[in-house]
Amino acid sequence: MLFTSPSFYILFALVLALFFLLPWRWGKVMLVLASYLFYSTAEVWYCLLLLGSTVIDYYIALRIDNTQSPQQRKAWLWFSIIANLSILAVFKYADFGISNLNVALEYFHITPFASLSLILPIGISFYTFQTMSYTIDVYRGQQKPSRDFISFALYVSFFPQLVAGPIERARNLLPQFERKPKVSWDDLSAGFQRVLWGLTKKLVFADRLALTVNAVFSNPAGYNGFEIALASVCFSFQLYLDFSAYVDIAIGLARMMGVRLSENFNYPFLARNPSDFWARWHITLTQWFRDYLFRALGGNRRSSLMRTAFTTIFVMSLMGFWHGAAWNYIAFGFVSALSVVLYTQLRIRSGRKKLFGTHPLASFLAWLGMFLWINLIMIIFRAQTLPAAWEVMQRLVVFEGEWHEQFYISLGLLIIVTSFHIARGMKPKHFKNIQMPELIRAFFWVGMCALFYFLQLDTTEQFIYFQF
């Protein structure tokens, strides 16, 4: 069941009504059941994996808290980590490992292994990392374990953010489930507006950009360098609009129930350097790898520059691999890491807080260079294989051929989206607290509804991050 389907909003209306009517003791149970019902619409057996992760980490966290022995506490922690990563490895990475092993076996004329052909459960990468962060925080003494299984089950399965995040920490979400969240009219209004904004980003803009992106990446030989470059920019914004649309809808749905979820984006295409970009893009994932892997491996200010560089490359390559079992995702993470390391090393050696200074022209050139670089490496992310990515990049320097008519629409959409992105992200501080009159706001949202109704496509693309 997709956030873009009418049937979902019929279910949500029923859930919201029960949320207001039921006492919280039963309201939590209702939300857990609704979350499992929502998840089961993809595949019923997915719920068994979700329940398994919930039960494992709930009881392991209690054992960690009740155990005084450091060795036993660490053993329980490793049991949780291995159990969670094993489930993830089997369903997400087993076939990738088998296919690459078979390439090596073929060289030695050894009979290859059969593929498992397992279906990837949607959201498994998100809720696995969410439950792992909980047990790690309990082990570190940063989080008290929940002794209310229903509250913990709701923390793991809360349907607005179950499938594609944001990846919530227990210290943010669990306390909100201890008592019934209070919902004001502002919460309902702001939540509804956020959902509508997310639907518009997804159905009006992201899915239309997808038409150009899919056409070009399925047949790069049929397009010239200008069209390839534009398609690359289209994909960057398609990915951003698609993913941030899901997050907008998730945050809006939760807000209508009085629950506050974490923001996951902060105008990433305004970044002026690689470090800044990754501090703005998929924030909860970046922070997860920073807090639970990068720092654990010694990547901090006290480490040597060389160790920090290698740790950055290793962690960001894994972060790329988190997105999917394919070499192009690993390469995307690796190349992204190299740009972060290079920028960081140059900045440290120059002794500057900002490598390119603060002059407006220097800031603009830094932004332009970063924007071009991100759109270039996004080709690696979008291509199905590394050879396919290289084929697309080679077409960037081919300038002959006619301009296809579909690109005029995409160019117009990009101008609208980019202008809005820049205007919202660079809004001067003294304008940020200005509130629009209610009448103007009403006209704006009526216009958004009209735009959403008339410009959405007949068919809807699945959210991109569902595949991760």
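This is a dialogue on how to read several features of a predicted model.

Trainee: Where do Phe8 and Phe12 lie relative to one another in helix 1, and is Phe8 buried or exposed?

Mentor: Both residues belong to helix 1 (residues 6-21), and because they are 4 residues apart there, about one helical turn separates them. Phe8 has a relative accessibility of 1% and therefore counts as buried, and Phe12, with a relative accessible area of 6%, is buried as well.

Mentor: A second pair is made by Phe38 and Phe159, with ring centres 6.1 Å apart and planes at 55°, so that this pair is tilted. Phe38 lies in helix 2 (residues 24-40) and Phe159 in helix 7 (residues 159-162), so to speak of the pair is to speak of a link between distant parts of the chain, 121 residues apart. Phe38 and Phe159 are both buried.

Trainee: Which charged end sits over the ring of Phe19, and which residue lies over the face of Trp322?

Mentor: Over the ring of Phe19 sits the charged end of Lys180, at 5.3 Å from the ring centre. In the case of Trp322, Lys92 lies over the face, 5.1 Å from the centre of the ring.

Trainee: How are two packed helices read, and at what angle do the axes of helix 5 and helix 12 cross?

Mentor: Two packed helices are described by the angle between their axes and the distance between the axes. Here the axes of helix 5 (residues 124-140) and helix 12 come within 12 Å, crossing at roughly 35°, and the crossing is left-handed. On the side of helix 5 the contact is made by Phe129, Met132, Ser133, Ile136, Asp137 and Arg140, while helix 12 contributes Leu285, Trp288, Phe289, Asp291 and Tyr292.

Trainee: Turning to the backbone, what is the phi of Tyr267, and where is the place of this residue?

Mentor: Tyr267 has a positive phi of about 50°, although it is not a glycine, and its place is in the loop between helix 10 (225-255) and helix 11 (274-280). With a relative accessible area of 23%, Tyr267 is partly exposed. His282 also is a residue other than glycine with a positive phi, near 45°, and lies in the loop between helix 11 and helix 12 (283-294). His282, however, is buried, with a relative accessible area of 2%.

Trainee: How many residues apart in sequence are Arg208 and Gln238?

Mentor: Arg208 and Gln238 are 30 residues apart in sequence, and their C-alpha atoms are 8.5 Å apart in space. Arg208 belongs to helix 9 (residues 185-218) and, at 25% relative accessibility, counts as partly exposed.

Methods. Residues numbered from 1 in each chain as written. Predicted model: local features only at pLDDT ≥ 70, side-chain atom pairs only at ≥ 80, totals over all residues. Heavy atoms only, no water. Buried < 20%, exposed > 50% of the residue type's maximum accessible area, 1.4 Å probe, protein only. Phe/Tyr/Trp six-rings, centres within 6.5 Å; stacked < 30°, edge-to-face > 60°. Lys NZ or Arg CZ within 6 Å of the ring centre and 35° of its normal. Axes fitted to C-alpha atoms, helices over the stretch in contact; angles between N-to-C directions. Left-handed = near helix turned anticlockwise from the far one by under 90°. Contact = heavy atoms within 4.5 Å.
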